[in-house]
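User: I have a model open and would like to go through it piece by piece. Can we start with how residues get sorted by type?

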Amino acid sequence: MLQASYPTHRFPAHAHKEYAIGVIERGAQAFSQGNGRRSVMPQGTVCIVNTGEVHEGWQATDGGGLSYALHFS
């Protein structure tokens with residue numbers, strides 16, 4: 001389990017060997033999938049990223065940062 005806060009970090013395109021299941025605890029995360037689909041996940045969103053799915057993410061709110069809890073399974 002990972003619990004983290006990212007005030008400005010942008011994650012480059014990557015994939016995980018496991019499912020990633022997370023909850024956005026504060027702020028909002030912008031999310032881009034390898035197929036070009038983009039979305040914003042606001043505070044309280046539960047997100048699931050499939051094994052091997054290429055994606056990237058960054059904070060979607062100005063100055064608020066992003067905090068989330070993430071479990072790999």
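Analyst: Ala, Val, Leu, Ile, Met, Phe, Trp, Tyr, Cys and Pro count as nonpolar, Asp, Glu, Lys and Arg as charged, and the others, Gly among them, as polar. Keep in mind that this is a predicted model.

User: Ok. How do the residues of the lining of the largest pocket divide by type?

Analyst: Eleven are nonpolar, six are polar and one is charged.

User: How much space lies in that pocket?

Analyst: The largest pocket holds about 220 Å³. It is lined by 18 residues, and those closest to its centre are His 16, Gln 29, His 55, Tyr 68 and Leu 70.

User: Which strand gives the most to the lining?

Analyst: S3 does, with five residues. At least two residues each come from strand S2 (10-14), S3, S5, strand S6 (55-59) and S7.

User: Stepping back, how many helices and strands are there?

Analyst: The chain has zero helices and seven strands. Read from the N terminus, the order is β-β-β-β-β-β-β. The radius of gyration is 11 Å, close to the 11 Å that the globule rule gives for 73 residues, so the chain is as compact as a globular protein of that length.

User: What box do the C-alpha atoms fill?

Analyst: Roughly 30 × 25 × 20 Å, along the principal axes.

User: And what share of the residues is buried?

Analyst: Buried residues are 40% of the 73 in the chain.

User: Which residues make up the largest nonpolar core?

Analyst: There are twelve in all, including Ala 4, Tyr 6, Phe 11, Ile 24, Met 41, Cys 47 and Leu 66. Strands S1 (2-6), S3 (20-33), S5 (46-49) and S7 (66-72) each supply at least two residues of this core. In soluble globular proteins, nonpolar side chains tend to be buried together.

User: Take Tyr 6. What is in contact with Tyr 6, leaving aside neighbours within four places in sequence?

Analyst: Phe 11, Gln 59, Gly 65, Leu 66 and Tyr 68.

User: Now Ser 32. Is Ser 32 buried or exposed?

Analyst: Ser 32 has a relative accessible area of 5%. Buried means under 20%, so Ser 32 counts as buried.

User: Where is Ser 32 placed, then?

Analyst: Ser 32 sits in strand S3. Beyond its neighbours within four places in sequence, Ser 32 is in contact with Arg 37, Arg 38, Val 54, His 55, Glu 56 and Trp 58.

Notes
Residues are numbered from 1 along each chain as its sequence is written. This is a predicted model: local features need pLDDT of at least 70, side-chain atom pairs count only at pLDDT 80 or more; totals for chains, interfaces and linings use all residues. Side-chain values use heavy atoms; hydrogens and water are left out. A nonpolar core is a set of buried Ala, Val, Leu, Ile, Met, Phe, Trp, Tyr and Cys residues joined through side-chain atoms within 4.5 Å. Buried means under 20% relative accessible area, exposed over 50%, partly exposed in between (1.4 Å probe, protein chains only). Helices (H or I, at least four residues) and strands (E, at least two) are DSSP runs, numbered from the N terminus. Contact means heavy atoms within 4.5 Å. On a 1 Å grid over the protein atoms alone, a cavity is a set of points where a 1.4 Å probe fits but cannot get out, and a pocket is an open set with protein on both sides within 12 Å along at least five of seven lines; lining residues have an atom within 4 Å of a point. Grid points are joined across faces, edges and corners, and a volume is the space filled by probe spheres set on the points. The radius of gyration is taken over C-alpha atoms; the globule rule is 2.2 Å times the number of residues to the power 0.38.
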